[in-house]
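Let us take a friendly walk through one protein chain. Keep the picture in view and turn it as you read.

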Amino acid sequence: MVVVVPCIPGPPPLLDAPTPALQSWLSRCHAFAALTSLGGVPSAVVPIGHLPNGGGPLSVALFGHSRSDQRLITVSERLSDYAQVFVG
């Protein structure tokens with residue numbers, strides 16, 4: 001089994017956002033990333049394109065169960081190939 005989720009928990013704040021908004025977003029990102037780090041499961045990040053209208057990059061995170069590293073790599077490669085063909 002491979003789980004696919006967004007890489008970050010939501011869109012980032014603007015660069016000129018107030019410091020508390022930036023800190024809050026970073027805190028959510030760290031908590032989001034800690035799920036797999038603490039769980040000790042394999043994970044990979046796969047770029048799949050860009051947001052519309054010249055937006056930033058769009059990526060997804062894939063997580064597998066313990067000792068599923070090779071399967072996760074295979075799924076990541078296939079998703080990356082698919083994204084290059086169909087998403088651009």
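## Words to start with

Two strands count as paired if DSSP finds at least two bridges between them. With that in hand, we can look at a hairpin: β2 and β3 form one, with six residues between them. In its turn, N53 has a positive phi of about 60 degrees. Please keep in mind that this is a predicted model.

## The overall plan

How many helices and strands are in the chain? There are two helices and three strands. Taken along the principal axes, the C-alpha atoms fill a box of roughly 40 × 35 × 10 Å.

The chain has 88 residues, and 22% of them count as buried. Its accessible surface comes to about 6400 Å², and carbon and sulfur atoms account for 64% of that. Now consider the contacts with a separation of 6 or more: 48% of them involve residues 24 or more positions apart.

## The sheet

The three strands make an open sheet in the order β1-β3-β2, with antiparallel pairing. Which strands stand at the edges? They are β1 (2–6) and β2, and because each has a single partner strand, one side of each is left without a neighbour in the sheet. On average, neighbouring strands of this sheet are turned by 30 degrees against each other, direction ignored. As background, strands of a sheet pair through backbone hydrogen bonds, either parallel or antiparallel.

Seven bridges join β2 to β3. Here V46 stands opposite V60 in β3, and H50 has P57 in β3 as its bridge partner. On the other pairing, β1 and β3 are linked over five bridges, also in the antiparallel sense. V3 stands opposite F63 in β3.

## The nonpolar core

Which residues make up the largest nonpolar core? There are six: V46, I48, V60, L62, L72 and A83. At least two residues of this core come from each of β2 (43–50), β3 (57–64) and α2 (69–86). In soluble globular proteins, nonpolar side chains tend to be buried together.

Leaving aside neighbours within four places in sequence, V46 is in contact with residues including L58, V60, L62, S76 and L79. One of these, S76, lies in helix α2. Is S76 buried or exposed? S76 is buried, because its relative accessible area is 10%, and the cut-off for buried is under 20%. With the sequence neighbours again left aside, S76 is in contact with A44, V46 and L62.

Helix α1 covers residues 19–39, and F32 lies in it. F32 has 25% relative accessibility, so this residue counts as partly exposed. Which residues does F32 touch, not counting those up to four places away in sequence? They are V5, P6, C7, I8 and P9. F32 and I8 are 24 residues apart along the chain, and their C-alpha atoms are separated by 7.1 Å.

C7, one of the residues that F32 touches, brings us to the cysteines.

## A residue in a loop

Finish your tour at R67, found in the loop between β3 and α2. What is the phi of R67? Phi is near 65 degrees, a positive value in a residue other than glycine. R67 is also exposed, with a relative accessible area of 77%.

Methods: Residues numbered from 1 in each chain as written. Predicted model: local features only at pLDDT ≥ 70, side-chain atom pairs only at ≥ 80, totals over all residues. Heavy atoms only, no water. Core = buried A, V, L, I, M, F, W, Y, C linked by side-chain atoms within 4.5 Å. Buried < 20%, exposed > 50% of the residue type's maximum accessible area, 1.4 Å probe, protein only. Helix = DSSP H or I, 4+ residues; strand = E, 2+ residues; numbered from the N terminus. Contact = heavy atoms within 4.5 Å. Axes fitted to C-alpha atoms, helices over the stretch in contact; angles between N-to-C directions. Areas by Shrake-Rupley, 256 points an atom, 1.4 Å probe, with all protein chains shown as cover.
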